[in-house]
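Here is a friendly briefing on a protein with its ligand. Have a look at the model first, and then we will go through the ligand site and the domains.

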Amino acid sequence: MIPVAEPDLSGNELKYVSECVETEWVSSLGKYVGAFEEAMAARCGRRYAVSVCNGTAALHLALVVLGIGPGDEVIVPSLTFVATANAVRYTGATPVFVDAEPRYWQLDPERLETLITPRTKAVIPVDLYGHPVDMDAVEKVARRYGLAIIEDAAEAHGARYKGRPCGGLGDMSCFSFYGNKVITTGEGGMILTDDPQWYERARFLRDHAMSATERYYHPEIGFNYRLTNIQAALGLAQVERIDEFIAGKRRHAQQYAARLSGVPGITLAPEAEWAFNVYWMYSILVGEAYPLTRDELMAALRQRGIDTRPFFRAIHTLPPYVGDHALPVAEDLAARGINLPSATKLTDEQIDYICDQIIELGAKAG
Ligand SMILES: *Cc1c(COP(=O)(O)O)cnc(C)c1O
């Protein structure tokens, strides 16, 4: 089976992790934690980075640092991984869902303003599937209403918006380093910001809100959201190779696009003229002109040894979040989108094989 995602751990990963074991620095103290944070901050053009145990914790902690809690509203896209909305719920605040736009599949900045109420405190734009969100358009609205912006860059390590790195946009940015992300620490996450107070507060709350000067004095309730030195060792080795991974993903995307363009009913992954897409997951939409439905195509590919994923469910249609508003673009994309195999390790031959199957299935059934 050709997998959808697969990490590449063939650089310094084993060496750095072995060093953690040999030196017994296996917990959350140790040199790799700081080194990994510094490497990520430098890549994103940020002053500060705070590593945490996963991407969901990064989003939760960023919201807590901003003081968001019960009674507040936070605007999030409906078409994203559920963690973006769950993190809002953990604080007691209410996620308010915004529709997607059909061109680049990102949240639609033109719809933001209609959702703002006196309770709205923040917006979490997501760089979905490796493509940046139109951040200038989001900022224009956010600034007018005094909303904080938390960029969810969990799927967009190395992507760029108008030349600026994702992870460096908005007031705070969050990454995930889950196993299928552009770079991985197994499980892991990070918050980036330029604000020294938010940075200090995030570090404080990450470590049970322990006083920096008085051990076991905890003036408030914090969390254990720390990343381990072993995870950070993996992360540092991964950052060293991120340009290679991105080049691989973009080369695969080019090959997919060249082979699949012109297949009736197949819409290719977009890239805005202002975007540098890292194609975290190379994605297509299946339209009516294609003879199989999205789910039929996925099943047929699976029979031919190709694993795929459907797009995320639109969150406003999931049981904990179901509401009375239709968000037609998010629902349509969610129903028609497929993530094709996107591991950097894939060979040109494997991608050709995948494209052959999509073309053949499209011709046959028609
Ligand atoms: C992966 C992901 C997260 C959550 O990250 P975890 O590390 O799995 O907690 C959050 N937002 C988006 C958009 C993601 O893709």
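In this predicted model, a backbone N or O atom of G55 sits 2.8 Å from an oxygen atom of the ligand, a polar contact (a pair of N or O atoms within 3.5 Å). Local features need pLDDT of at least 70, side-chain atom pairs count only at pLDDT 80 or more, and totals for chains, interfaces and linings use all residues. Residues are numbered from 1 along each chain as its sequence is written, and side-chain values use heavy atoms, with hydrogens and water left out.

**Ligand site**
- A polar side-chain atom of E155 is 2.5 Å from an oxygen atom of the ligand.
- The side chain of S176 places an N or O atom 2.7 Å from an oxygen atom of the ligand.
- On its own the ligand has 380 Å² of accessible area (Shrake-Rupley method, 1.4 Å probe), and the protein covers 93% of that.

**Shell around the ligand**
- The ligand has 15 residues around it, each with a heavy atom within 4 Å.
- Helix 3 (55–65) and helix 4 (83–90) each supply at least two shell residues; helices here are DSSP runs of H or I with at least four residues.
- Helix 3 gives the most, with three residues.

**Domains**
- The domain assignment, automatic or from a database, gives domain 1 (13–239) and domain 2 (243–365).
- Their contact takes 40 residues from domain 1 and 37 residues from domain 2, counting heavy atoms within 4.5 Å.
- The centres of the two domains, taken over C-alpha atoms, are 26 Å apart.

Methods:
A polar contact is a pair of N or O atoms within 3.5 Å; within protein, one must be able to donate a hydrogen and the other to accept it, and residues adjacent in sequence count only if both atoms are side-chain atoms.
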